[in-house]
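Hello,

Here is the structure I said I would pass on. Please open it alongside this note; my findings follow below.

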Amino acid sequence: MEVRWTTLTRGVQRGSRLTTPPRVKSGSMKFHTEYLTLRTKTKRAYIHLTPQVESALKKSGIKDGMILVSAMHITAGVYVNDNESGLIKDIDQWLETLAPFRQNYQHHQTGEDNGDAHLKSLIIHHEVIVPVTNGKLDFGPWQQIFYAEFDGQRDKRVIIKVMGE
């Protein structure tokens, strides 16, 4: 898997250049945005994102607020759960049972072959919001953030948006 990273703190993107002021206040609220570009080696994959989200939080300087983590593609999702390999395999098998790959999806009449990936994405959902308290992700026991890829092997983006004071 490749991960490329772009940081934007209320910056303005112009052509291929990115202008990024250090941190911007809107009243007392601060915002910090980062983009991850992911490319999986397989069609379906589950990627642990908590370290990247914690890094974005640290860079933001925010002590209290929230973080939005959102897949910017319709055949991927973001979820919160336990970082345990058996559970991740169970989630994958469960999704394949609910939305199995098959040839007869109506969507395939458009020339695509990823109807199941769209359905899996709806089940997982495209984003999560995690509270921030005292400069740390305010998780319950065992909670971690994951990206779920259902139509991989090409570049996909994830946005991490930190908001708070």
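The side chains of asparagine 114 and aspartate 151 are joined by a polar contact of 2.8 Å. Bear in mind that this is a predicted model. Asparagine 114 sits in the loop between H2 and H3. Is asparagine 114 buried or exposed? Its relative accessible area is 3%. That is under 20%, so asparagine 114 counts as buried. Leaving aside residues up to four places away in sequence, asparagine 114 touches Thr75, His107, His108, Asp151 and Arg154.

The largest nonpolar core has 22 residues. Which of them touch the most other members? They are Leu49, Val53, Ile67, Val69, Ile145, Tyr147 and Ile160. Several elements each supply at least two residues of this core: strand S5 (29-39), helix H1 (50-60), strand S7 (65-71), strand S8 (76-82), S9, strand S11 (143-149) and strand S12 (156-164).

Now the surface. Trp94, Leu98 and Ile123 make a nonpolar patch of about 300 Å². Tryptophan 94 belongs to helix H2 (residues 85-98). Its relative accessibility is 46%, so tryptophan 94 counts as partly exposed.

Last, the backbone. Most residues other than glycine have a negative phi. Two residues here are worth a look on that score.

- Histidine 125 has a phi near 85°, a positive value in a residue other than glycine. It is placed in the loop between helix H3 (115-124) and strand S9 (127-133). With 40% relative accessibility, histidine 125 counts as partly exposed.
- Asparagine 134 is not a glycine either, yet its phi is positive, at about 55°. It lies in the loop between S9 and strand S10 (136-137). Its relative accessible area is 63%, which means that asparagine 134 is exposed.

Where would I start? With the 2.8 Å contact between the side chains of asparagine 114 and aspartate 151.

Best wishes

Definitions and conventions:
Residues are numbered from 1 along each chain as its sequence is written. This is a predicted model: local features need pLDDT of at least 70, side-chain atom pairs count only at pLDDT 80 or more; totals for chains, interfaces and linings use all residues. Side-chain values use heavy atoms; hydrogens and water are left out. Patches are made of residues with over 30% relative accessible area and no salt bridge: like charges are joined within 9 Å, nonpolar side chains (Val, Leu, Ile, Met, Phe, Trp, Tyr) within 5 Å. Accessible areas come from the Shrake-Rupley method with a 1.4 Å probe; for residues, only the protein chains shown count as cover. A salt bridge is a side-chain nitrogen of Lys or Arg within 4 Å of a carboxyl oxygen of Asp or Glu. Helices (H or I, at least four residues) and strands (E, at least two) are DSSP runs, numbered from the N terminus. Buried means under 20% relative accessible area, exposed over 50%, partly exposed in between (1.4 Å probe, protein chains only). A polar contact is a pair of N or O atoms within 3.5 Å; within protein, one must be able to donate a hydrogen and the other to accept it, and residues adjacent in sequence count only if both atoms are side-chain atoms. Contact means heavy atoms within 4.5 Å. A nonpolar core is a set of buried Ala, Val, Leu, Ile, Met, Phe, Trp, Tyr and Cys residues joined through side-chain atoms within 4.5 Å.
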